[in-house]
Amino acid sequence: MLSESTTGNAPRPFRVVVAGGGSGGHVTPAVAVIEALRCRVELQALWIGAKADYEGAAAKELGIEFRAVRAGKLRRYPSFATLGDSFRIPAGVVQALRILRTFRPDAIFSTGGFVSVPTVIAGALLRIPSLTHEQTAHIGLATRINARFCNVVALSYESSRHALRTTARRVVVTGNPVRRFVTEGDAGRALARFQLDGGLPLVYVTGGAQGARSINAAILGVLPDLLAHAEVIHQCGPRSVHDDFDRLRSAASELPPPLRERYHVRERVGRELGDVYAAASLVIGRAGAGTVAELSTVGVPSILIPLPGAKEQRQNALHLVEAGAAYMIEQRDLSPEALLSIARQLLENPEEQSRMRHAASMRTHRDAAARLVDELLALVDGPVS
């Protein structure tokens, strides 16, 4: 598969550059694929991103080097900021060229976002094969640009293929990979970690890494009524971003003890997420690509509230709604009363929960990470059959 080293007959490690970041939705698939690659080959990896928060932290957790390049945000609407950003992309390409010449990767794996574009372009200039992966149902501008320079475009949804019908690149549908711990959850561990009673259904509320203030406000408005029917784990976002954690915890302290004991508010939920999913009867949250992929993989019914103006989130949500695996509430229609009405309907109907679980599991690609690994290795070996 790989060329022999100059000092012996052992094949040298597969060298891959990850390009992408800017949000958790672009970072998580990269982490999942790096983990899957390590199970298949000896690996040397380098992450090229724009900043050291999302992608830099992920690279550190994986134990791989991170290098930053300049990247300009890509916009579909008129903005004075685009003028300045237009100069950052060529500068980022030059920086990426230097990094790639030094690291000499076998392949580039792009998870999209504007931060990936300079590296994909630089890779094409150096004739380094690359694969770009689109996590959402809506093909983003960065992916459309990358598709002109990469060898393979991998999609999460078959319905997205038509948007790339004019490209000459190989287009494959792999699904959106999730990290292994998401699929290896244990409900018993969740009960123990959060001191759950287990006698009531569990609702998991999440707004993504930074939380969703509108969802937090809606939960706050129905907290006593919701806790009368369920236990709740609520990931509300960090204090460094907003004060919802303190507001929610203060409101919980005023609840009667039996209800207060059923509410578990957290700034973030980490590797215990798989356990939470395993125990959950219902998830309430945004419709980011990562969340929707996780819900499909673990098969949990959901109420999804897409971020206003985020076309990709609405399309992600519709992927599950049309399958009968989720309900969707538009942000403009979100109210405590509307949220509680749908939540009670689901929590009081185990048969509907079971039907929705099955529907969700039918919309997943559980082997998405493995498929992407196959495609990456094939960039060196030859086409996947």
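Q: What makes the largest nonpolar core of this predicted model a core, and which residues have the most contacts inside it?
A: A nonpolar core is a set of buried nonpolar residues, such as Ile, joined through side-chain atoms within 4.5 Å. The largest such set here has 33 residues, and Ile 284 and Ile 303 have the most contacts inside it. In soluble globular proteins, nonpolar side chains tend to be buried together.

Q: Which elements give two or more residues to this core, and which gives the largest share?
A: Two or more residues come from each of S8, helix H8 (213-227), helix H9 (244-253), strand S10 (263-266), strand S11 (282-285) and helix H14 (336-347). H8 supplies the largest share, seven residues.

Q: What does the model hold as a second core?
A: A separate core of 30 residues, with Ala 30, Leu 43, Ala 59 and Val 172 among them.

Q: Which residues does Ile 303 touch, leaving aside those up to four places away in sequence?
A: Contact requires heavy atoms within 4.5 Å. By that criterion Ile 303 touches Leu 282, Val 283, Ile 284, Gly 285, Tyr 327, Ile 329, Leu 339, Ile 342, Ala 343 and Leu 346.

Q: Why is Glu 352 called buried?
A: The relative accessible area of Glu 352 is 10%. Buried means under 20%, so Glu 352 is buried. Glu 352 is placed in helix H15 (residues 350-361). Apart from neighbours within four places in sequence, Glu 352 is in contact with Tyr 327, Gln 345 and Leu 346.

Q: Why is Arg 169 called partly exposed?
A: Arg 169 has a relative accessible area of 32%. Buried is under 20% and exposed is over 50%, so a value in between counts as partly exposed. Arg 169 is in the loop between strand S6 (152-155) and strand S7 (170-173). Not counting residues up to four places away in sequence, Arg 169 touches Ala 147, Arg 148, Phe 149, Cys 150, Asn 151 and Val 153.

Q: How far apart are Arg 169 and Pro 201 in sequence and in space?
A: They are 32 residues apart in sequence, and their C-alpha atoms are 47 Å apart.

Q: Why does Gln 195 count as exposed, and what is its phi?
A: Relative accessibility is 69% for Gln 195, and the limit for exposed is over 50%, so the residue counts as exposed. Phi of Gln 195 is near 55°, a positive value in a residue other than glycine. Gln 195 sits in the loop between helix H7 (187-193) and strand S8 (202-206).

Q: Why is the protein called as compact as a globular protein of its length?
A: The protein has 16 helices and 13 strands. Its radius of gyration is 22 Å, close to the 21 Å that the globule rule gives for 385 residues, so the protein is as compact as a globular protein of that length. The C-alpha atoms fill a box of roughly 70 × 50 × 35 Å along the principal axes.

Q: What share of the residues counts as buried, and what supplies the exposed area?
A: Of the 385 residues, 53% count as buried. The protein exposes about 17300 Å², and carbon and sulfur atoms supply 50% of it.

Methods: Residues are numbered from 1 along each chain as its sequence is written. This is a predicted model: local features need pLDDT of at least 70, side-chain atom pairs count only at pLDDT 80 or more; totals for chains, interfaces and linings use all residues. Side-chain values use heavy atoms; hydrogens and water are left out. Helices (H or I, at least four residues) and strands (E, at least two) are DSSP runs, numbered from the N terminus. The radius of gyration is taken over C-alpha atoms; the globule rule is 2.2 Å times the number of residues to the power 0.38. Buried means under 20% relative accessible area, exposed over 50%, partly exposed in between (1.4 Å probe, protein chains only). Accessible areas come from the Shrake-Rupley method with a 1.4 Å probe; for residues, only the protein chains shown count as cover.
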